[in-house]
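Me: Hi, could you go through this model with me? I'll jump between topics a bit.

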Amino acid sequence: MDSGHMNLIRKLLRSCRASMRRQRIVDSAGMRLTGASLLMRSLILRRLLLREVLANDESVVGILLPPSAGGALVNFALTLAGRVVVNLNYTLRQSQLNSCVIQAGIRHVITSQRVLERMPIEIDAQLVPLESLLPKVRLTDKLLGAIYGLATPLWMLERLLGVSRIGEDDLLTIVFTSGSTGDPKGVMLSHRNVGSNIAALNEVLRLREADQILGVLPFFHSFGYTVTLWAVLCLDCGAAYHFNPLEAGIIGRLCREERVTIIVGTPTTLRNYLKRCPVEDFKSVEVVVCGAERLPPELADAFEEKFGVRPVEGYGTTELSPIAAVNVPPGRAPADGGHGCKQGTVGRPLPGVAAKVTH
């Protein structure tokens, strides 16, 4: 694929322009964003961050926000500002969190007052609550956000944002591992890494404009960052976010109200849904993909019996952007039969991925 396909900023701009009036993102707090509002707000926030927060030589910025419309906006705004984003793992111990900040050279961490109230932290970086930026929004910010977002030709907007200067191998994000073997390790993912993973996933799952993806995986996890954040914009589908993957009642209601068609999660979250969600919550769900741990056949059986859709398993690692292999449900399998579904396996490698077995 050429660099145009790998440059996620270009994909973001085109996707928003193609869906100006269509809802793209919603969260359980009630925020709804169409393609137009998503682009305008991202551009306004970009201007605000560049003027009020970020230094010219500051290339890496941290984010401490749960999966939400606000978390997506901050990720997009910082990427539009040409910064490398680090979504920090708020489940880490404070010493591990600080290790990530120091390793990545982070000076500012964008967060919210609600997050700071729930988890007071002290790290070697300046914490910037989004609420503190709102009073600093100027009328010119809103006007230019509207002009750039709604009326400026794409080629001109790309030039203003410096999109052509971003190469496919330029760094997009740093995703830190969980730190189970010591200090968390930073995995550096480029536009090519994430973009090619999204394109390969789409080739086998054939995501549609009408698809709504449940976004409960945190953005500090490569699965959440690639699939429930960037794939949503690159592939023109939508997302419904909730900040806590364990709150099954709220998640079930969100799925029902937003007609979610795709759920990505872990066997642990599926067990929770199985116990606490009524059948009607998942009436619209067509695809359920699990990772992170083995999917027991008895869990897949019970989930299919109750909700009428059978979960499938995939496999990936952070270093692989993250998906390496996935089972494809019959309803989404390509016509050429190149991908299929086999219980007890993690599926076949994605297009462009080679697998080698060694002793």
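Me: What is the relative accessible area of Arg 206?

Reply: The value is 39%, so Arg 206 counts as partly exposed; the class sits between buried (under 20% relative accessible area) and exposed (over 50%), using a 1.4 Å probe and protein chains only. Keep in mind that this is a predicted model, where local features need pLDDT of at least 70, side-chain atom pairs count only at pLDDT 80 or more, and totals for chains, interfaces and linings use all residues. Residues are numbered from 1 along each chain as its sequence is written, and side-chain values use heavy atoms, leaving out hydrogens and water.

Me: Where is Arg 206 found?

Reply: Arg 206 is in the loop between helix H10 (191-205) and strand S9 (212-215). Helices (H or I, at least four residues) and strands (E, at least two) are DSSP runs, numbered from the N terminus. The phi of Arg 206 is near 50 degrees, a positive value in a residue other than glycine. Most residues other than glycine have a negative phi, and most peptide bonds are trans.

Me: And what is the phi of Ser 321 near?

Reply: Ser 321 has a phi near 80 degrees, again positive in a non-glycine residue. Ser 321 is buried, with a relative accessible area of 4%. A cis peptide bond connects Ser 321 to Pro 322, with omega about 5 degrees. Pro 322 is in the loop between strand S13 (312-316) and strand S14 (323-326).

Me: Switching to confidence, what pLDDT does the protein chain average?

Reply: The average is 89, and 96% of the residues score at least 70; pLDDT is the predictor's confidence in each residue, from 0 to 100. Where pLDDT is low, the predicted coordinates should not be read in detail.

Me: OK, rings now. How many aromatic pairs are there in the whole structure?

Reply: The search finds seven. Rings of Phe, Tyr and Trp (its six-membered ring) pair if their centres lie within 6.5 Å; planes under 30 degrees apart are stacked, over 60 edge-to-face, and the rest tilted. One of the pairs is Phe 76 with Trp 230: centres 5.0 Å apart and planes at 70 degrees, so this pair is edge-to-face. The two sit 154 residues apart, Phe 76 in helix H4 (residues 69-80) and Trp 230 in helix H11 (residues 222-234), so the pair links distant parts of the chain. Both Phe 76 and Trp 230 are buried.

Me: And which type of pair do Phe 303 and Phe 307 make?

Reply: That pair is tilted, because the planes are at 50 degrees, with the ring centres 4.7 Å apart. Phe 303 and Phe 307 are four residues apart in helix H14 (residues 297-307), about one turn of the helix.

Me: Last one: at what angle do H2 and H9 pack?

Reply: Helix H2 (residues 8-18) and helix H9 (residues 154-161) pack at about 145 degrees, with axes 11 Å apart. Axes are lines fitted to C-alpha atoms, for helices over the stretch in contact, and angles run from 0 to 180 degrees between N-to-C directions. The contact (heavy atoms within 4.5 Å) is made by Arg 10, Leu 13, Arg 14 and Arg 17 of H2 and Leu 154, Leu 157, Glu 158 and Leu 161 of H9.
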